[in-house]
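Student: Could we go through this structure together, one question at a time?
Tutor: Gladly! Have a look first, and then ask away.

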Amino acid sequence: MKAAYRVAVLASGGGTNLQALIDACRDSAPARVVLVLSDNPKAGALARAREAGVPAQVLADPADGRRLTEALGSYQVDLAVLAGYLKLVPRDVVDAFAGRMINIHPALLPSFGGRGMYGHRVHEAVLASGATVSGCSVHLVSAEYDRGPIVAQWPVPVAREDTPESLAQRVLTFEHQLLIAVVLAAARAGGVVRLVPRASGFGPTVDLVPASSESRKLGAQSRTL
Ligand code: GRF
């Protein structure tokens with residue numbers, strides 16, 4: 001039996017994306033959440049980790065790349081997932097995890113992303129723009145906020161009567177499914193692979209497949225993409 005793909009989740013907030021991953025990565029799933037890290041000692045994500053029996057640590061200094069690299073290394077992490085993590089990852093850690101660190105963002109990057117664009121600010125900007133479609137994106141982490149190569153995206157309709165809260169809630173349900181699809185595909189491929197929506201169209205569940213057969217693990221391409 002192949003060892004499970006070891007996933008660490010970094011989260012600053014409530015941790016519903018973390019919870020979705022914990023719930024999806026158990027039993028016969030090819031991935032496991034083995035570590036949760038947070039810059040915020042009060043993060044709901046830490047409580048979720050404790051509840052699920054997943055080791056969790058608070059990063060006293062999120063800018064301390066050595067400490068972060070040590071924590072990820074000591075748990076033999078294969079993939080680091082930023083899920084509502086609000087701190088910039090130090091450059092040396094981004095380099096050490098090139099192609100093996102992803103972030104989920106509640107909009108269709110590169111639109112509505114970058115420094116300061118998080119939480120409700122994103123959805124307020126989408127509504128202010130008049131966009132009729134928003135969505136969510138998973139991308140490889142680079143040294144700049146929300147600027148790494150896109151791994152997978154999913155569109156989410158904007159309703160005329162939407163508020164930032166109602167749009168955030170709708171997008172969040174698709175984030176959970178997109179993130180699970182990306183992590184399980186990476187576990188099966190042994191590395192992050194790009195996912196594209198299947199022709200079956202926009203349905204209630206996220207239905208994604210690895211990009212065409214010649215697509216290599218993004219880890220190898222991450223520097224060139
Ligand atoms: C999500 O919308 C995620 O895209 C953004 O922060 C939010 C985290 O939500 N980066 P949660 O803590 O996973 O519930």
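Student: Which residues surround the ligand?
Tutor: Keep in mind that this is a predicted model. The residues around the ligand are Gly-14, Gly-15, Thr-16, Asn-17, Gly-84, Ile-104, His-105, Pro-106, Leu-172 and Glu-175.

Student: How many residues of that shell are nonpolar, polar and charged?
Tutor: Here Gly is counted among the polar residues, and Glu among the charged ones. Sorted that way, the shell has 3 nonpolar, 6 polar and 1 charged residues.

Student: How far is a polar side-chain atom of Glu-175 from an oxygen atom of the ligand?
Tutor: Let's start with the backbone. A polar backbone atom of Gly-14 is 3.5 Å from a ligand oxygen, and one of Asn-17 is 2.9 Å from a ligand oxygen. For the side chain of Glu-175, the distance is 2.3 Å.

Student: Which elements give two or more residues to the shell around the ligand?
Tutor: The ligand sits in the largest pocket. Those elements are helix 1 (16-24), strand 5 (101-105) and helix 6 (164-189).

Student: Is Leu-86 buried, partly exposed or exposed?
Tutor: Leu-86 is in the loop between strand 4 (79-82) and helix 4 (91-96). Buried means under 20% relative accessible area, and exposed means over 50%. Because its relative accessibility is 43%, Leu-86 counts as partly exposed.

Conventions
Residues are numbered from 1 along each chain as its sequence is written. This is a predicted model: local features need pLDDT of at least 70, side-chain atom pairs count only at pLDDT 80 or more; totals for chains, interfaces and linings use all residues. Side-chain values use heavy atoms; hydrogens and water are left out. A residue is near a molecule or strand if one of its heavy atoms lies within 4 Å of it. A polar contact is a pair of N or O atoms within 3.5 Å; within protein, one must be able to donate a hydrogen and the other to accept it, and residues adjacent in sequence count only if both atoms are side-chain atoms. On a 1 Å grid over the protein atoms alone, a cavity is a set of points where a 1.4 Å probe fits but cannot get out, and a pocket is an open set with protein on both sides within 12 Å along at least five of seven lines; lining residues have an atom within 4 Å of a point. A molecule sits in a cavity or pocket if more than half of its atoms lie within 2 Å of its grid points. Helices (H or I, at least four residues) and strands (E, at least two) are DSSP runs, numbered from the N terminus. Buried means under 20% relative accessible area, exposed over 50%, partly exposed in between (1.4 Å probe, protein chains only).
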